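Colleague: I would like to learn how to read packing and charge pairs in a model. Can we go step by step?

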Amino acid sequence: MYHFFVEEENQIREGSIVITGEDVNHIRNVLRMKEGEKIRISDGRNKDYLCQIDEIGRDQVTARILEAEEESRELGAKIYLFQGLPKGDKMELIIQKAVELGAWEIIPVTTRRTVVKLDQKKAEAKRKRWNAISESAAKQSGRTVIPQVGEIVTFKEAIARGKSLDKSLIPYECADDMAETRAIVGQLKKGMDIGIFIGPEGGFDKEEIQEAMDAGIRPITLGKRILRTETAGLAALSILMFALEEG
């Protein structure tokens with residue numbers, strides 16, 4: 001079933017929902033949907049509606065609400081992925097899969113080993129592209145919210161934000177205590193705000209790891225193998241998804 005997002009204040013009315021913007025063209029001309037077909041619509045605030053299309057116009061699609069679905073598809077905790085900027089288009093893959101795995105927000109981070117350099121104009125264009133990928137992944141995976149890709153921040157700014165969360169973790173290749181990592185993961189609970197810090201190609205340098213530890217961010221191990229930047233965050237998110245999934 002196709003899945004769309006709307007803004008509750010403007011588009012959700014009593015008994016019906018109005019879809020506007022680019023999704024109208026997608027419904028009309030790409031999917032070629034017809035009146036009477038059923039779709040799922042999310043308000044972006046953790047609520048889903050099962051709807052039936054009543055009218056497909058040039059500028060808007062009107063759908064009748066059949067059922068409000070109260071069961072959440074979101075994790076019990078909010079996970080913030082602080083991702084060191086990788087080279088090429090790896091960030092697009094990371095965002096897509098992080099959204100599928102339940103990340104609440106993705107924050108791109110520049111570190112000492114970051115190779116990618118973006119001026120303000122390029123950074124804004126990249127962020128727009130990244131958020132479009134996040135929305136697409138949210139639709140595909142049945143999320144009830146669209147995770148935001150934040151502005152690019154420095155490592156120091158990321159540490160300051162991570163310090164304010166309930167728990168922040170930093171996978172580190174020199175960490176080797178799997179029992180301690182299991183214990184740390186076991187302490188994560190529903191309702192927490194959790195940060196995961198992932199370095200770019202080459203990882204974090206020792207001074208950055210120490211800076212993170214001084215801020216209370218806990219090093220963990222993801223196993224005996226060294227993972228690429230596009231793999232490490234997804235491995236960490238998979239572990240947390242399994243630990244925090246409700247039901």
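Colleague: Which residues in H3 meet which residues in H4?

Modeller: Keep in mind that this model is predicted. From H3, Met91, Glu92, Ile95, Gln96, Val99 and Glu100 take part. They meet Arg129, Trp130, Ile133, Ser134, Ala137, Ala138, Gln140 and Ser141 in H4. By class, this contact holds seven nonpolar, four polar and three charged residues.

Colleague: How do the two helices cross?

Modeller: A packed helix pair is described by the angle and the distance between the axes. Here the axes of H3 (residues 90-100) and H4 (residues 120-141) come within 8 Å. They cross at roughly 35 degrees. The crossing of H3 and H4 is right-handed.

Colleague: Which residues have the most contacts inside the largest nonpolar core?

Modeller: Leu81, Ile95, Ile106, Ile196 and Leu240, in a core of 34 residues. H3 and H4 are among the elements that give it two or more residues. H8 gives the largest share, six residues. Ile106 touches residues including Leu81, Met91, Ile95 and Val99.

Colleague: Now charges. What does Lys139 form a salt bridge with?

Modeller: Opposite charges on side chains can pair when the charged atoms come close. Lys139 pairs with Asp23, with the closest N and O atoms 3.0 Å apart. Lys139 is in helix H4 and Asp23 in helix H2 (residues 22-30), so the bridge ties together parts 116 residues apart in sequence.

Colleague: Is Asp23 buried or exposed?

Modeller: Buried, at a relative accessible area of 11%. Asp23 also belongs to a salt-bridge network with Glu135 and Lys139.

Definitions and conventions. Residues are numbered from 1 along each chain as its sequence is written. This is a predicted model: local features need pLDDT of at least 70, side-chain atom pairs count only at pLDDT 80 or more; totals for chains, interfaces and linings use all residues. Side-chain values use heavy atoms; hydrogens and water are left out. Axes are lines fitted to C-alpha atoms, for helices over the stretch in contact, and angles run from 0 to 180 degrees between N-to-C directions. Helices (H or I, at least four residues) and strands (E, at least two) are DSSP runs, numbered from the N terminus. A crossing is left-handed if the near helix is turned anticlockwise from the far one by less than a right angle, and right-handed if clockwise. Contact means heavy atoms within 4.5 Å. Ala, Val, Leu, Ile, Met, Phe, Trp, Tyr, Cys and Pro count as nonpolar, Asp, Glu, Lys and Arg as charged, and the others, Gly among them, as polar. A nonpolar core is a set of buried Ala, Val, Leu, Ile, Met, Phe, Trp, Tyr and Cys residues joined through side-chain atoms within 4.5 Å. Buried means under 20% relative accessible area, exposed over 50%, partly exposed in between (1.4 Å probe, protein chains only). A salt bridge is a side-chain nitrogen of Lys or Arg within 4 Å of a carboxyl oxygen of Asp or Glu. Lists of a residue's contacts leave out its neighbours within four places in sequence.
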